Amino acid sequence: MLPAAPQSIAVAIVRRQGQVLVGKRPEGVPLAGMWEFPGGKVLKDENPSVAAARECLEETGIEVRIGLPYGEVVYSYAHGTLRLHFFAATPVDPARAPREPFRWVAIADLADYQVPPANAEIVAKLLQGTSR
């Protein structure tokens, strides 16, 4: 029997004025208490960049413009293997406040936030200033 294909997840790295949008995962879900970027499952026949924008709006209430891809990461967790598609994004309305649990945090402070292991490389790039 072949292993299941990784679940495709689209993630928006939403930036504004030296800040990035993150939210804390709730209790009772995998990776509870860790901070993540907005994103979620790519639907059947959906482009990952479209999914990143849709998920961001659904989760945060913030409409975004999707930019260039940061790349993909395949990561196996105890709850399953994920293929994460990361995209640069900017808010359509930078003054709009996100819905809880999402908030704007300074990129320079990202090292203080515990993130899922699959996000570590993206966080490192943001901290080094080598990202889009």
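Reader: Which residue forms a salt bridge with Arg-25, and how far apart are the closest N and O atoms?

Author: In this predicted model, the partner of Arg-25 is Glu-36, with 2.9 Å between the closest N and O atoms.

Reader: Which parts of the chain does that pair tie together?

Author: Arg-25 sits in the loop between strand 2 (19-24) and strand 3 (35-36), while Glu-36 belongs to strand 3, so the contact ties together parts eleven residues apart in sequence.

Reader: Is Arg-25 buried or exposed? And Glu-36, buried or exposed?

Author: Arg-25 is buried, at a relative accessible area of 19%. Glu-36 is buried as well, at 18%; the cut-off for buried is under 20%.

Reader: How many salt bridges does the structure hold?

Author: The structure holds seven. Among them is the one between Arg-83 and Glu-72, at 3.4 Å from N to O. That pair links distant parts of the chain, with Arg-83 in strand 6 and Glu-72 in strand 5, eleven residues apart. Arg-83 is partly exposed at 30% relative accessibility, and Glu-72 is partly exposed at 48%.

Reader: Which residues do salt bridges with shared partners join into one network?

Author: The network consists of Glu-46, Arg-54, Glu-55 and Glu-58. Within it, Glu-55 and Arg-54 have their closest N and O atoms 3.1 Å apart, and Glu-55 counts as buried at 10% relative accessibility.

Reader: Turning to the strands, in which sense do strand 5 and strand 6 pair?

Author: Strand 5 (residues 64-77) pairs with strand 6 in the antiparallel sense, over eleven bridges. A hairpin of two residues joins these strands, and Val-64 has Pro-91 in strand 6 as its bridge partner.

Reader: How does strand 1 run relative to strand 6, parallel or antiparallel?

Author: Strand 1 (residues 7-16) runs parallel to strand 6 (residues 80-91), joined by eight bridges. Ile-13 stands opposite Ala-88 of strand 6.

Note on methods:
Residues numbered from 1 in each chain as written. Predicted model: local features only at pLDDT ≥ 70, side-chain atom pairs only at ≥ 80, totals over all residues. Heavy atoms only, no water. Pairing = 2+ DSSP bridges. Helix = DSSP H or I, 4+ residues; strand = E, 2+ residues; numbered from the N terminus. Salt bridge = Lys/Arg side-chain N within 4 Å of Asp/Glu carboxyl O. Buried < 20%, exposed > 50% of the residue type's maximum accessible area, 1.4 Å probe, protein only.
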